[in-house]
Amino acid sequence: MDVGNAGAAGRDGSGRLGARLLSRRSFLAGSALGVGALGVGTLGLGGCATSDGLLLAEAAKVYGPMPDEKFPIPAVDVSKIDPKYYRRTVRYETKETAGTIIVDPANFYVYRVEGDGSATRYGANVGRDGFLWNGDAYVGRKSEWATWTPPKEMIRRQPEAAKYAHGMPGGLDNPLGARTLHLYQNGAYTLYTIYASSDAESIGTGITSGCVGLLSQDMIHLYARTPVKTKVVVLPA
């Protein structure tokens, strides 16, 4: 993996995020832990159909608020997301075993292999040009509402991040969000994460320093189904 492109991690090992994360939009992401994935061609009651056959009303249920979180998460405005990035179950042929996470940065998707020729697919944001990487890794640890510490390289690029040099506590404004999967390789932290994004409009874009972001409700859904040691495959962009 081309780890060198993205610099070093902060002292708490919470990983790195892109330049836009210090000037984040107001928090839009909601949560739907325990709500099933939107199926292909799902129909619901009421609402207006999106271009790919999903209903905004159905998506709004999946991406609704999560008031019982440590920091209550508001609902996402689903109209700000291209419907192709809504969580859904899709056909996905792969030799990887059930539970494996596959990141497809070229198409801004993260897949969780279900083992029956299908996968749960999530829309994602990915690394911007110069910060993309690929290879095999695994989930070395998991964290909820993690402290975020910007790496020295980021502080040099963005001096305003220096105020968080000793760590930014977990919360709605924290770049790592509600849940984080920390990626390891050969026993060492790669400095990359899959994290909960607070920016609905970032989904489907390349904005980070190599980390991968899912909407908070999608990240909570994936996090609950992902044990430590889960294999992660990052495809070439």
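How many aromatic pairs does the structure hold? The structure holds 9, where rings of Phe, Tyr and Trp (its six-membered ring) pair if their centres lie within 6.5 Å. The model is predicted, so local features need pLDDT of at least 70 and side-chain atom pairs pLDDT 80 or more, while totals for chains, interfaces and linings use all residues. Residues are numbered from 1 along each chain as its sequence is written, and side-chain values use heavy atoms, without hydrogens and water.

**View 1. The aromatic pair of Trp-148 and Tyr-164.** The pair is tilted, at 6.2 Å centre to centre and 55° between the planes (planes under 30 degrees apart count as stacked, over 60 as edge-to-face and the rest as tilted). Trp-148 lies in the loop between E7 and helix H2 (152-157) and Tyr-164 in the loop between H2 and E8, so the pair ties together parts that are 16 residues apart in sequence. Helices (H or I, at least four residues) and strands (E, at least two) are DSSP runs, numbered from the N terminus. Trp-148 is buried at 0% relative accessible area, whereas Tyr-164 is partly exposed at 21% (buried is under 20%, exposed over 50%, partly exposed in between; 1.4 Å probe, protein chains only).

**View 2. The aromatic pair of Tyr-184 and Tyr-189.** This pair is also tilted, with 5.2 Å between centres and 35° between the planes. Tyr-184 is buried at 16% relative accessible area, and Tyr-189 is buried at 18%.

**View 3. The largest nonpolar core.** This core has 25 residues, and Val-110 and Ile-194 have the most contacts inside it (a nonpolar core is a set of buried Ala, Val, Leu, Ile, Met, Phe, Trp, Tyr and Cys residues joined through side-chain atoms within 4.5 Å). Elements giving two or more residues include strand E3 (101-104), strand E9 (188-197) and helix H3 (216-224). The largest share, 4 residues, comes from H3. Leaving aside neighbours within four places in sequence, Val-110 is in contact (heavy atoms within 4.5 Å) with residues including Ile-101, Tyr-122, Leu-214 and Leu-222.

**View 4. The largest cavity.** About 70 Å³ of space lies in this cavity, and the count is 1 cavity of 30 Å³ or more. On a 1 Å grid over the protein atoms alone, a cavity is a set of points where a 1.4 Å probe fits but cannot get out; lining residues have an atom within 4 Å of a point. Grid points are joined across faces, edges and corners, and the volume is the space filled by probe spheres set on the points. Among the lining residues are Val-103, Phe-131, Trp-133 and Cys-211.

Key
On a 1 Å grid over the protein atoms alone, a cavity is a set of points where a 1.4 Å probe fits but cannot get out, and a pocket is an open set with protein on both sides within 12 Å along at least five of seven lines; lining residues have an atom within 4 Å of a point.
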